[in-house]
Amino acid sequence: MERRLWGRRGTSITVAALAALAVTGCAAEGSPSADGSTTITYWTHVNAPAQAVERELIAQYEKDHPGVRIDYLPIEFGTMAAKLNAAIAAGGGPDLVNYFQSYAAGLIGKGYLAPVDHEAYGMTADELAAQYTEAIGAGFSADGEFIGIPHEISTYQFWVNDQHFANAGLDPAKDFPKTWADVATVGALVQDAPGGPAEGVALSLNNQVRDVLVLDAMTRQAGGMLFGPDGSESFVNSPEAVRALQTWGDLANDHGINDPALGPTASTNAEDLFGDGTAAMVNTGGSWFIPTLEGTYPDIAWTVGQYPTFGGEPVGADLYGYGLYVPATSAHQKEAWEFARYLADASPTYFAEAGIWLGDNDVLTDEATAEVPSWDVFVEGFARGNFLPPLSQYNEISQILESAIQRVVVNGDDAQSALDAAHAAIEPLLDN
């Protein structure tokens, strides 16, 4: 049976044309095992709250579908990409995978993913699009066609410590920093106040995924972009990108309100420096940060607001998240999309029990989300954000940009020279 796969820019290719995909997994769709049951292999990234929810959902799904068994395998985020690419290249892999959205472009470019089967999913393309905002839908589409289902969507907001502000004679609401210049001014005031923190602001560092999201958002705020909309052009050394990275570096090296030596490290987060009082402000943390503050740092009083800008358009932090994708090698694509729909329909459960928003409009304005402190702030943040454009060599490109960020923020190098070098290294990796 010839099966259609999805390639770069919507190219239609077949299993026969991809020898690497013809080793296994090419049995007729939905073929049952020897005992007449169908096993759907589902891979996801390790996330303890999500795993608790999904194990319950899987148990119920198997009960409601006696002929279906779900083989559930959580995998560490750091090893998922290599394992998934190797498995699909060998003709195997899961039937359904919960995968980081920015990494999916690499699979799409290789023709490794099957487009959404709307009949199996039970929604037309228009019905599916209506479930999400235009920005979120675009993040899981290729040439206007859904290639995945949004599943765990977030964006960063800006957080301030109310007590540190009060110690400096500031009101966390009235004096909340609206621009990056405000961050520098307020950061110095809170840091110099009696009992002031070691840092005015804790900034993301030593994490290429997070750091590229921050740099991309700041570049958009400066009026530019790191990459063209289809990911085929690099503008990483543009005046806007240079302004963004130099501003980031200046907060540490000129204003002295951020200290890279304090972290975060490759294994710690900026939010921990904020939670334990080391820093008065932090530029990362989505709605998922609230349970962490309540559970790990219950004594801190905080205020969350919109991401600072350069004073122009109200551009927020980048959107990011995961999606449900069906590899082209799956022998059970129909059943996989049916199971994906079941998980998507459990969006209220994910949010209520794990604090995870699946990106859908219904839960965005649901009563459950309305009870979350400052939820209106997050709703506005989601509306302000955009996903990174598709980059099939995302991992390599983000490593190059992380090196440029380290040069400027940690070493104090000039942003223009660091980004010129990054641009030269990135250009050969783009699909142009």
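Arg-220 counts as partly exposed at 22% relative accessibility, where partly exposed sits between buried (under 20% relative accessible area) and exposed (over 50%), using a 1.4 Å probe and protein chains only. This is a predicted model, so local features need pLDDT of at least 70 and side-chain atom pairs count only at pLDDT 80 or more, while totals for chains, interfaces and linings use all residues. Residues are numbered from 1 along each chain as its sequence is written, and side-chain values use heavy atoms, with hydrogens and water left out.

**Salt bridges**

- The structure holds 7 salt bridges, a salt bridge being a side-chain nitrogen of Lys or Arg within 4 Å of a carboxyl oxygen of Asp or Glu.
- Arg-220 pairs up with Asp-318 at 3.9 Å, N to O.
- Asp-318 sits in the loop between β12 and β13 (319–327) and Arg-220 in helix α9, so this pair ties together parts that are 98 residues apart in sequence. Helices (H or I, at least four residues) and strands (E, at least two) are DSSP runs, numbered from the N terminus.
- At 1% relative accessibility, Asp-318 counts as buried.
- Asp-216 joins Arg-220 and Asp-318 in a network of salt bridges.
- Another bridge has Arg-210 meeting Glu-271 at 2.6 Å, N to O. That one links distant parts of the chain, with Arg-210 in helix α9 and Glu-271 in helix α11, 61 residues apart.
- Both Arg-210 and Glu-271 are buried.
- Asp-413 and Arg-407 form a salt bridge too, with their closest N and O atoms 3.1 Å apart. Asp-413 is partly exposed at 27%, and Arg-407 is partly exposed at 26%.

**The β11-β10-β12 sheet**

- Three strands make an open sheet in the order β11-β10-β12, with antiparallel pairing. β11 and β12 are the edge strands, each pairing on one side only.
- Two strands pair if DSSP finds at least two bridges between them. For β10 (residues 158–161), there are 4 bridges to β12 (residues 302–305) and 2 bridges to β11 (residues 281–282).
- Val-160 stands opposite Thr-303 in β12 and opposite Met-281 in β11.
- In a regular strand, side chains alternate between the two faces of the sheet. On β10, Phe-158 and Val-160 point one way, Trp-159 and Asn-161 point the other way, and all are buried.

- Gly-263 and Pro-264 are joined by a cis peptide bond, with omega at about 5 degrees. Pro-264 lies in the loop between α10 and α11 (270–275).
- Asp-143 isn't a glycine, yet has a positive phi of about 55 degrees. You'll find Asp-143 in the loop between β7 (141–142) and β8 (145–146), and at 54% relative accessibility it counts as exposed.
- Asn-206 also has a positive phi, near 65 degrees. Its spot is the loop between α8 (180–192) and α9, where Asn-206 counts as partly exposed at 31%.

- Asp-230 is in the loop between α9 (208–221) and α10 (239–253), and counts as partly exposed at 33% relative accessibility.
- The C-alpha atoms of Asp-230 and Asn-161 are separated by 39 Å, with the two residues 69 apart along the chain.
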